[in-house]
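Please take a moment to look over the chain as a whole before turning to its parts. The paragraphs below go through helix packing, then pockets, then some backbone details.

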Amino acid sequence: MIIDTDDVQRLLQNVSPNMPIWEKYKQQTSKTKLYRDKSNEPIGLSVFSTNTFHPNALGLTVYTLSENLFSIILADARKEALCQHKDRIVTWEYEPLSKFSEWLITQGFSVWRRTVMPKAEISNIVLANSKRGQVLTLSQVLKNNVLKNKLLKMSLNDYADAHTANPMRVTTISEWEQIVFPDVLSSAPLVLVQKSQILAYTFLFEDNPKILTLGWLGAINQTSLWDLQTKQLTWAKSHDMHVLTGEFDSTDHMALSTYNHWPFDPAPVYTMVGQLLTNEHRVYAMNS
């Protein structure tokens with residue numbers, strides 16, 4: 001069904017362009033459904049999306065002020081999930097949750113993950129001396145195949161463990177290498193090692209000038225992680241980087257610890273709400 005762009009613009013005129021509904025609507029791979037009232041005026045919008053890296057879930061992003069649409073939208077989402085052979089539905093939004101997401105929780109959905117993307121001024125971070133272990137850069141790691149493979153396996157396992165509610169697809173080590181290594185700062189500290197054992201790792205990026213982004217991370221314990229990140233922040237200060245940021249999920253213990261450890265400013269909470277579809281849901285969707 002072709003949807004009139006003007007109708008969508010009118011429906012979402014009071015919604016910030018930074019909100020998930022706009023982001024998903026503009027994705028060409030998404031499937032959109034517009035709901036109208038008896039006067040043919042737009043009163044709701046659903047966007048169904050998929051993620052090839054997390055293939056089990058149907059993404060659902062919704063905007064409506066009509067509570068009468070809630071059950072209709074959910075029924076449509078379950079039908080779409082069935083058509084696309086998905087076994088779960090997930091939706092995302094910034095807290096506080098909308099009435100729709102709050103209603104979903106009364107229908108068997110639950111909060112699966114909370115994510116924050118905060119910032120901190122690097123100049124305000126006080127660093128202690130850290131002498132434990134040896135730090136290696138990406139350039140150095142790439143010259144040591146044994147260490148490189150250890151890092152890839154460790155980081156892949158950590159990522160999979162943090163995303164059990166919405167699992168990642170089966171991914172080989174070589175595929176994972178192509179995902180995590182591009183754009184990593186090659187001259188920055190990447191891993192902390194001791195006697196060929198990886199004590200900690202944090203992938204560093206400079207997505208924006210002078211902003212250091214903490215990416216995938218993990219460690220055998222928090223002390224090792226702080227030792228590595230202290231060295232990384234020391235490196236950042238010596239390279240005139242001004243801001244520290246990252247994406248930290250509540251399902252990743254080490255990431256959440258990192259968020260609480262450094263003096264980040266408060267940030268909006270981006271929440272994933274999801275439900276695993278049962279046979280009962282599938283039967284209901286087929287018959288409705």
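The model is predicted, with local features needing pLDDT of at least 70 and side-chain atom pairs counting only at pLDDT 80 or more, while totals for chains, interfaces and linings use all residues. Residues are numbered from 1 along each chain as its sequence is written, and side-chain values use heavy atoms, with hydrogens and water left out.

The axes of helix α3 (residues 70-83) and α4 come within 11 Å and cross at roughly 70°; α3 and α4 are therefore roughly perpendicular to each other. In contact here (heavy atoms within 4.5 Å) are Phe70, Ser71, Ile73 and Leu74 of α3 with Lys99, Phe100, Trp103 and Leu104 of α4. By class, this contact of α3 with α4 divides into 6 nonpolar, 1 polar and 1 charged, where Ala, Val, Leu, Ile, Met, Phe, Trp, Tyr, Cys and Pro count as nonpolar, Asp, Glu, Lys and Arg as charged, and the others, Gly among them, as polar.

Helix α6 (residues 145-161) and helix α7 (residues 173-180) pack at about 85°, with their axes 10 Å apart, and are therefore roughly perpendicular to each other. From α6 the contact takes in Lys148, Asn149, Leu152, Lys153, Ser155, Leu156 and Tyr159, and from α7 it takes in Ile173, Trp176, Glu177 and Val180. The contact of α6 with α7 has 6 nonpolar, 2 polar and 3 charged residues.

Helix α8 (residues 222-238) and helix α9 (residues 253-261) meet at an angle of about 55°, with their axes 11 Å apart, which makes α8 oblique to α9. Their contact is formed by Gln222, Leu225, Trp226 and Gln229 of α8 and by His253, Met254, Ser257, Thr258 and His261 of α9. By class, the contact of α8 with α9 has 3 nonpolar, 6 polar and no charged residues.

Turning to the pockets, about 1,300 Å³ of space lies in the largest pocket. Its lining has 48 residues, of which Arg113, Thr115, Met117, Glu247 and Asp249 lie nearest the centre. Strand β10 (residues 211-219) gives the most to the lining of the largest pocket, with 6 residues, and by class that lining has 22 nonpolar, 17 polar and 9 charged residues. The second largest pocket has a volume of about 450 Å³ and is lined by 24 residues, with Val62, Tyr63, Thr64, Glu93 and Ser98 nearest its centre. Two or more residues of this lining come from each of α2 (20-26), β3 (54-64), β4 (88-94) and α4 (99-106). A pocket here is, on a 1 Å grid over the protein atoms alone, an open set of points where a 1.4 Å probe fits, with protein on both sides within 12 Å along at least five of seven lines, and lining residues have an atom within 4 Å of a point.

What is left is the backbone, where most residues other than glycine have a negative phi, and most peptide bonds are trans. Glutamate 95 and proline 96 are joined by a cis peptide bond, with omega about 5°, and proline 96 is found in the loop between β4 and α4. Lysine 195, a residue other than glycine, has a positive phi near 55°, and lies in the loop between β8 (189-194) and β9 (197-208).

Terms used:
Axes fitted to C-alpha atoms, helices over the stretch in contact; angles between N-to-C directions. Helix = DSSP H or I, 4+ residues; strand = E, 2+ residues; numbered from the N terminus. Parallel < 35°, antiparallel > 145°, perpendicular 65-115°, else oblique. Points joined across faces, edges and corners; volume = space filled by probe spheres on them.
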